[in-house]
Amino acid sequence: MKLIVPISGGKDSQATLLYCIEKFGVENIEAVFCDTKWEHELTYNHLSYTVEKSGVKFKVLSSNKYDGFVDLCKKKKRFPSSQVGFCTIELKVVPMIDYVLSLDENVMIFQGIRSDESKKRAQMNEECRYFKYYFQPYTSNMIVLEEFFKKPPITDKQKKKERKAIDRLLLGHNDEKFFTYRKKDVFKWCEKYSDDIHRPFFNSSAEDVIYYCLDRDYKINPLYFRGASRVGCFPCKNARHDEIQLIITEFPDTIEKIKKAEYYVEGTFFSPDYIPQRYHSGFDTKSGKSICTIGDVVKYITDKNIQFSLLEEFGYESTECKSVFNICE
Ligand code: SF4
């Protein structure tokens with residue numbers, strides 16, 4: 001039986017790793033990291049620190065096809081967006097599936113996922129199986145309607161989605177969708193081996209996992225002390241305005257990193273609807289629409305936050321811990 005803990009450099013996977021080391025012994029665990037080559041240097045350093053201090057076996061996975069996030073975007077001729085999220089699939093899901101399929105033994109995977117991280121994660125379970133969505137649909141018209149039954153549609157887009165699901169069901173189509181990547185290999189592998197997933201901190205809070213690490217005399221990723229609420233790709237394509245604001249003030253090098261990536265990919269990191277159109281300085285000849293460069297995003301977010309600077313000028317500078325988890329308290 002192979003015991004795997006996917007780690008990202010974040011607090012949840014770190015706590016999960018320490019939990020597994022305590023429970024099963026360090027010699028029986030393998031920490032696995034999917035490298036997108038788009039992480040912050042502090043995250044790479046923190047991973048090295050955790051691995052060296054614990055003495056755990058460490059496996060780094062990366063895409064066979066793409067040399068990290070920027071190369072992927074260059075080859076796809078665009079950056080991913082919230083609608084088109086190919087980065088997770090290509091840089092994390094595919095390398096991990098390939099790795100699991102390369103193993104000739106039962107596998108138990110311990111994931112640092114917590115239910116209160118997001119609505120999507122709240123719908124997961126404490127225990128599961130890795131290849132679940134090869135055997136049961138991740139979506140279907142019935143699933144769509146069940147979701148809208150719990151939370152009725154509000155936007156036109158959601159209403160259209162609900163209408164479409166009803167119409168398809170009335171025609172007798174449930175349109176179930178399954179994962180298909182290396183489907184035959186997955187079915188064959190699953191005939192021989194088990195693929196259990198456990199999430200030991202599923203019902204824990206962010207503070208619980210932080211103190212789980214600190215109580216065991218492990219530092220957590222220093223990015224948290226500098227205000228980051230999550231680590232991993234830095235920044236993630238789904239970064240909120242407040243996360244970019246933090247990057248502007250605390251990590252100006254990262255803005256330069258995005259600028260270089262935009263130049264190399266010949267595209268813009270954020271989609272046009274990320275900021276108001278009046279801030280767009282670019283124009284996409286293909287779509288005939290205006291687009292926003294990282295420079296435009298920086299200008300918009302800086303202008304939006306100008307009131308905070310004014311407050312500081314009037315002596316209201318905050319002296320509180322920058323961590324969103326109040327780690328210094
Ligand atoms: S963390 Fe964000 S940018 Fe990185 S692979 Fe996942 S979705 Fe893409």
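Begin by colouring the chain by domain: domain 1 covers 2-136 + 180-208, domain 2 covers 139-177 and domain 3 covers 239-313. These bounds come from an automatic or database domain assignment. The model is predicted, so local features need pLDDT of at least 70 and side-chain atom pairs count only at pLDDT 80 or more, whereas totals for chains, interfaces and linings use all residues. Residues are numbered from 1 along each chain as its sequence is written, and side-chain values use heavy atoms, with hydrogens and water left out.

**The interface of domain 1 and domain 3**

Select domain 1 and domain 3 together; their C-alpha centres are 30 Å apart. In contact (heavy atoms within 4.5 Å) are 10 residues of domain 1 and 12 residues of domain 3. The two domains bury about 1000 Å² between them, and carbon and sulfur atoms give 71% of this area. Buried area here is the accessible area (1.4 Å probe) that two parts lose on being put together, summed over both.

The term denotes a side-chain nitrogen of Lys or Arg within 4 Å of a carboxyl oxygen of Asp or Glu. Across this interface the rule finds 1 salt bridge. By class, the side of domain 1 that touches domain 3 has 6 nonpolar residues, 1 polar and 3 charged. In this scheme Ala, Val, Leu, Ile, Met, Phe, Trp, Tyr, Cys and Pro are nonpolar, Asp, Glu, Lys and Arg are charged, and the others, Gly among them, are polar.

**Helix 11**

Next, select Gln245, in helix 11 (residues 241-250). Helices (H or I, at least four residues) and strands (E, at least two) are DSSP runs, numbered from the N terminus. Leaving aside residues up to four places away in sequence, Gln245 touches Ile301 and Asn305. Lys132 is 113 residues from Gln245 along the chain, and their C-alpha atoms are separated by 38 Å.

The structure holds 20 salt bridges. For one of them, select Glu22 and Arg216, whose closest N and O atoms are 2.5 Å apart. Glu22 lies in helix 1 (residues 11-24) and Arg216 in the loop between helix 10 (206-215) and helix 11, so the pair ties together parts that are 194 residues apart in sequence.

**Two backbone features**

Finally, select Phe234 and Pro235, which are joined by a cis peptide bond with omega about 0 degrees. Pro235 is in the loop between helix 10 and helix 11. Then move to Lys37, in the loop between strand 2 (29-34) and helix 2 (41-54). Lys37 has a positive phi, near 60 degrees. Most residues other than glycine have a negative phi, and most peptide bonds are trans.
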